[in-house]
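Have the model open beside you and take the points in order.

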Amino acid sequence: DSQKTAFLLRKQWTLYSVTPLYRFSDAHLRDYARLLSAFIAAEKQKGLAVEIGVELGIKVAISSLPDLRGSDRDQAAILVQLSSRSPASPKNSEEKVIWSGWFCSVSGDDFSENVPEDFTCLPLFLANGAESYTSIVGSWFQKTFDCCFRRLAISPLNLSWMAAMWTGCKVDKNVSAMELVFSVPHLPQPLDISYAIHPEDAKALWDTVQKTPGEITQEEVDVFMDCLYSHFHRHFKIRLSATKLVKVSTAIASAHCDGIIKFLQSQYLTGVLMLLTELAISQIQ
């Protein structure tokens with residue numbers, strides 16, 4: 001349902017992998033929200049949260065997002081939102097969401113089948129907002145459900161897969177250029193190279209490379225990237241193969257090697273989440 005998930009689009013999400021949650025139940029989400037709210041209040045008393053004294057109090061809401069799963073066997077996604085009202089705002093004004101985070105598992109049922117019944121598998125966590133709140137929320141979940149959060153980086157190899165996969169997707173509107181950003185190593189000062197390709201040109205190249213529609217192989221991804229490198233070298237005499245791919249931006253989504261993702265098309269949301277779930281599971285295993 002694109003309307004229910006529209007708030008996930010065009011925001012910068014930081015990725016984490018999460019080990020299975022022990023004795024978590026989506027029947028107790030209201031209780032969890034109340035306990036997390038009390039935990040955040042206690043942490044604020046210690047001076048750990050940002051903007052102390054600016055917010056009157058933080059309201060916690062935890063809800064289910066059943067649309068965000070790959071199959072009926074997947075656990076429904078869980079959304080955590082922190083909201084607050086500024087002292088300067090009228091008393092009847094709406095509270096503003098200051099932080100959001102959500103757990104999900106899209107087509108991660110193979111992983112959950114090998115986990116004991118008392119554990120819930122939601123291996124991918126995405127956060128938007130101040131890192132201090134991410135730390136506090138993560139700490140509460142780790143203490144309450146005996147799980148572990150780890151930042152999820154994206155390797156240059158996986159970024160090249162994303163570039164190839166997303167180039168082959170059909171988009172009716174908001175078509176933007178595919179942009180690849182490369183970091184040049186071993187320099188005194190950081191230097192990035194940005195390489196933009198017209199979406200129709202990138203799609204035409206991919207169509208000549210891909211042999212079986214709907215299937216992608218490592219060889220095809222390598223050929224696709226080599227062709228882009230050769231074109232760039234022919235014009236600028238720079239070998240991109242000697243650099244590190246750090247960011248991919250397409251009309252579907254953008255992803256950074258530091259584990260930052262931005263979703264741009266709702267119809268491809270579950271497809272992108274499926275790939276990210278796979279990466280999160282691989283880090284846990």
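1. Let us start with a pair of strands. Strand E4 (residues 77-84) runs antiparallel to E5, and seven bridges join the two. Strands count as paired if DSSP finds at least two bridges between them. One place to look is serine 83, whose bridge partner in E5 is valine 97. Helices (H or I, at least four residues) and strands (E, at least two) are DSSP runs, numbered from the N terminus.

2. A word on what you are viewing. This is a predicted model, in which local features need pLDDT of at least 70 and side-chain atom pairs count only at pLDDT 80 or more, while totals for chains, interfaces and linings use all residues. Residues are numbered from 1 along each chain as its sequence is written, and side-chain values use heavy atoms, with hydrogens and water left out.

3. Back to E5, which also pairs with strand E7 (residues 124-129), in the antiparallel sense and over six bridges. Here phenylalanine 103 stands opposite phenylalanine 125 in E7. Both residues belong to one aromatic cluster, together with Tyr16, Phe24, Tyr32, Trp99, Trp140, Phe141, Phe145 and Phe149.

4. How many aromatic pairs does a search of the whole structure find? There are 21. Rings of Phe, Tyr and Trp (its six-membered ring) pair if their centres lie within 6.5 Å; planes under 30 degrees apart count as stacked, over 60 as edge-to-face and the rest as tilted. Tyrosine 16 and phenylalanine 149 make an edge-to-face pair, 6.5 Å centre to centre with 70 degrees between the planes. Tyrosine 16 lies in strand E1 (residues 13-18) and phenylalanine 149 in strand E8 (residues 149-151), so this pair ties together parts that are 133 residues apart in sequence. Tyrosine 16 and phenylalanine 149 are each buried, meaning under 20% relative accessible area, with exposed being over 50% and partly exposed in between (1.4 Å probe, protein chains only).

5. Another aromatic pair, tryptophan 102 with phenylalanine 263, is tilted: 6.2 Å centre to centre, 50 degrees between the planes. Since tryptophan 102 lies in strand E5 (residues 96-104) and phenylalanine 263 in strand E13 (residues 260-263), the pair ties together parts 161 residues apart in sequence. Tryptophan 102 is buried at a relative accessible area of 0%, and phenylalanine 263 is buried at 1%.

6. Now turn to helix H6 (residues 199-209), where Ala202, Trp206 and Val209 are buried. Seen down the axis of H6, the buried residues fall within an arc of 55 degrees, so they line one face of the helix. The arc is that of the directions from the helix axis to the C-beta atoms. On the face turned away from the buried side, H6 carries the exposed residues Glu200, Asp201 and Thr208. What covers the buried residues includes helix H5 (156-167), strand E9 (178-183), strand E10 (192-197) and helix H7 (218-236), with contact meaning heavy atoms within 4.5 Å.

7. Is threonine 243 buried or exposed? At 17% relative accessibility, threonine 243 counts as buried, although it is found in the loop between H7 and strand E11 (244-249). Not counting residues up to four places away in sequence, threonine 243 touches Phe182, Ser183, Val184 and Pro185.

8. Finally, the overall layout. The domain assignment of the chain gives domain 1 (2-151) and domain 2 (156-257), with bounds from an automatic or database domain assignment. The C-alpha centres of domain 1 and domain 2 lie 33 Å apart.
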